[in-house]
Amino acid sequence: MSAKSAISKEIFAPLDERMLGAVQVKRRTKKKIPFLATGGQGEYLTYICLSGNSILHSAADSVTSAVQKASQALNERGERLGRAEEKTEDLKNSAQQFAETAHKLAMKHKC
């Protein structure tokens, strides 16, 4: 069994997590590190692992936040468009009234 398989089985599987990736990191030290099984001074290996749950929760939060922001932006745009539509309708009505008044005045002074 490879080291990555062993890490996945022993650390992630019991927690119902899935190891998405692991990178082997090689370190060198001049000092003896008693808690690491290195066989003494020299090189030892460690792994940096990425789990399914940590990434998925973070991604889900990001997506939810993006959807909320987009929804809010769309609502605000809809409100602005609604106000613009109302103003346009008011301007249209004012222009029609002005045209009717101007026509009546022109007809009155023509005679």
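The model is predicted, so local features need pLDDT of at least 70 and side-chain atom pairs count only at pLDDT 80 or more, while totals for chains, interfaces and linings use all residues. Residues are numbered from 1 along each chain as its sequence is written, and side-chain values use heavy atoms, with hydrogens and water left out.

**Fold**

- The protein has two helices and two strands. Helices (H or I, at least four residues) and strands (E, at least two) are DSSP runs, numbered from the N terminus.
- Along the sequence, the pattern reads α-β-β-α.
- Contacts are heavy atoms within 4.5 Å. Of the contacts with a separation of 6 or more, 46% join residues 24 or more positions apart.

**Burial and surface**

- Of 111 residues, 8% count as buried. Buried means under 20% relative accessible area, exposed over 50%, and partly exposed in between (1.4 Å probe, protein chains only).
- The protein exposes about 9,700 Å², and carbon and sulfur atoms supply 56% of that area. Accessible areas come from the Shrake-Rupley method with a 1.4 Å probe; for residues, only the protein chains shown count as cover.

**Charged patches**

- Patch residues have over 30% relative accessible area and no salt bridge; like charges are joined within 9 Å, and nonpolar side chains (Val, Leu, Ile, Met, Phe, Trp, Tyr) within 5 Å.
- A salt bridge is a side-chain nitrogen of Lys or Arg within 4 Å of a carboxyl oxygen of Asp or Glu.
- Lys and Arg count as positive, Asp and Glu as negative; His and the chain ends are not counted. Each charge is placed at NZ of Lys, CZ of Arg, CG of Asp or CD of Glu.
- E85, E86, E89 and D90 form a negative patch on the surface. D90 sits in helix α2 (residues 52–110). At a relative accessible area of 49%, D90 is partly exposed.
- R77, R80, R83 and K87 form a positive surface patch. K87 also belongs to helix α2. With a relative accessible area of 58%, K87 is exposed.

**Residue D16**

- D16 lies in the loop between α1 (3–12) and β1 (19–29).
- Its phi is near 55°, a positive value in a residue other than glycine.
- D16 counts as exposed, at 68% relative accessibility.

**Residue C49**

- C49 is part of strand β2 (residues 42–51). Its relative accessible area of 30% makes C49 partly exposed.
- Leaving out residues up to four places away in sequence, C49 touches I7, F12, M19, G21 and A22.
- C49 and S8 are 41 residues apart along the chain, and their C-alpha atoms are separated by 9.1 Å.
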